[in-house]
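Subject: Structure handover

Hello,

Here is the structure for you to take over. Please have it open while you read the notes below.

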Amino acid sequence: METTVGVNGTVYAIEVTATKIYIGGDFTQVGGQARNNIAALNLDGTLDTSWDPNIIRLEQARTVSSIYATDTAIYVGGNFSAVNGATARNYGAAFEIANGSNVGTALAWNPNADSTIYKITGNGTKIYLGGLFTTMGGVERYFLAAVDSTTGALDAAWNPKMSFYVYDMLIHSGKLYVVGLFGFANQGQGTEATRNFGANFNLADGSDVGAVQSWNPNLDNVVNAIAYYNDQMYLGGVFNQVGAELIDYAARVNTTDGAVDPSWDPVPDGAIYDITISDEGNIFLGGAFDNIGGVDHKWVGLVNSSDGAVSAWDPVLTTFVSDTVYALDISDATVAVGGDFNRVNGVATHANFAQFRFPKISFSVTTSSADEGDGTVSIVVSQDIASDFDLAFDVSVDEDSTASAGSRFVAGDYAFADSGPYTIVSGELTFDLNIDITDDETDESDETLIIDLI
């Protein structure tokens, strides 16, 4: 576990950048210093003492629900009416980044929603907002809107008009994927479509503006979280069915039509509130569960990207009142966890926020060569620090490879000696990935096999 500071209230939002960690929620102190509902931390978990936007909460909870960082601004959504102590901002605001030379001054960006913003994301000139609102800048916008990234002015042409709340969203390949508590998209318009708790749209800066797309996972209940990895979408919530498949609380669906992959099924026993995924495919689930796949893991767990099997990693979060992880984010093999807990592994100083360092996996060499007569070639996969749990990984063959795959039944230039996923076992640093080279009588030119870690 990395060095972190204690927070005296619930953490609902985490955004990790290259230089800072931003946390938001319902709190008044971070590391014993006054911070109203938002703070910037250094990457080592210590408080940035110069940055203090001072967001004023309303009577309701979830003062800060979402934080989105760009190179020039920190965008914040939640349930508030003023920032910097007195500057009017209804439910959404933007601030100078924490760079050591400012105090978190509010920028001109002011979308002026009429109710809570649960999620903020963007793609340059546009910022997308999802939540409980029904107007944006005084103009009717039901639960989803696009605004200018500098001024916050509403995009008048883009009106997806959801039937109810939007809780999370992400941008992938020119589409905006949204999840939440809704049954229809483009409601009351000519392109109205039934979309139970998940939908996607063309973005506001493209052609066919705002049109609902074919992605339709068709769940039976609320989706709180969505994450992307390796051409798949991972969903978390309180659902028990996806399409025709009975799957509880966490599921994997494709990015085109939303069809579920039933082979990935971690089986948590309670609601999922957030999902974050490392570059290596380690999938972290946070929520209000007591076990994953029948194994005790309270509120946070690590599962693999192949079948959802749970890792032995277990930080043991404890609390006196609530029992939930609401926010996760990961950067450079360090996962940040926020929620409502007062101890991590028995340590009280990690109340409501903690960081955990994970091994970084890579090939020990970037290139290797072999002759047909060499038989089996071993490629070493290594991690930079030993862990106290088995770490699963898998590989894929890049489409630019010129060598042809083989198997037990089909001849080819090569075949993996063992099928994945593979495991670097607890306490070990390396794994030998064995590739069988086919030796035949055909005289061939050099061929290339390109392997990617997934």
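Which strands each supply at least two residues of the lining of the largest pocket? There are strand 1 (10–16), strand 7 (64–69), strand 12 (117–122) and strand 17 (166–172). Strand 22 (223–229), strand 27 (272–277) and strand 33 (324–331) complete the set. Please keep in mind that this is a predicted model.

**Largest pocket**

The largest pocket holds about 1000 Å³ of space. Its lining has 39 residues, and the closest to the centre are Lys-119, Asp-168, Asp-274, Ile-275 and Leu-328. Sorted by class, the lining of the largest pocket comes out as 24 nonpolar, eight polar and seven charged residues.

Two of the lining strands deserve a separate look.

Take strand 12. Five of its six residues are buried, so strand 12 is largely enclosed by the rest of the structure. Strand 12 pairs with strand 13 (residues 126–131) in the antiparallel sense, over five bridges. Within that pairing, Gly-122 stands opposite Ile-127 in strand 13. The two strands form a hairpin with three residues between them. Look at Gly-124 in this hairpin: its phi is positive, near 115°.

Now strand 27. Strand 27 and strand 28 (residues 283–287) are joined by five bridges in the antiparallel sense. Ile-272 faces Gly-287 of strand 28, standing opposite that residue.

**Second largest pocket**

The second largest pocket contains about 830 Å³ of space. A total of 27 residues line the second largest pocket. Nearest its centre lie Ser-368, Ser-369, Ala-370, Glu-447 and Leu-449. Strand 38 (376–383), strand 43 (430–437) and strand 44 (451–453) are the elements that give two or more residues to this lining. By class, the lining of the second largest pocket divides into twelve nonpolar, seven polar and eight charged residues.

Is Ser-369 buried or exposed? Its relative accessibility is 70%, and exposed means over 50%, so Ser-369 counts as exposed. Ser-369 sits in the loop between strand 37 (361–363) and strand 38.

**Cavity**

How many cavities of 30 Å³ or more are there? The count comes to one. The volume of the largest cavity is about 60 Å³. Its lining includes Glu-280, Gly-281 and Asn-282, along with Asn-304, Ser-305 and Ser-306. Ala-392, Phe-393, Asp-394, Pro-421 and Ile-454 line the largest cavity as well. By class, the lining of the largest cavity has four nonpolar, five polar and two charged residues.

**Where to start**

I would open the view on Lys-119, Asp-168 and Asp-274, which are among the residues closest to the centre of the largest pocket. Then go to Ser-369, one of the residues nearest the centre of the second largest pocket.

Over to you.

Best wishes

Notes:
Residues are numbered from 1 along each chain as its sequence is written. This is a predicted model: local features need pLDDT of at least 70, side-chain atom pairs count only at pLDDT 80 or more; totals for chains, interfaces and linings use all residues. Side-chain values use heavy atoms; hydrogens and water are left out. On a 1 Å grid over the protein atoms alone, a cavity is a set of points where a 1.4 Å probe fits but cannot get out, and a pocket is an open set with protein on both sides within 12 Å along at least five of seven lines; lining residues have an atom within 4 Å of a point. Grid points are joined across faces, edges and corners, and a volume is the space filled by probe spheres set on the points. Helices (H or I, at least four residues) and strands (E, at least two) are DSSP runs, numbered from the N terminus. Ala, Val, Leu, Ile, Met, Phe, Trp, Tyr, Cys and Pro count as nonpolar, Asp, Glu, Lys and Arg as charged, and the others, Gly among them, as polar. Two strands pair if DSSP finds at least two bridges between them. Buried means under 20% relative accessible area, exposed over 50%, partly exposed in between (1.4 Å probe, protein chains only).
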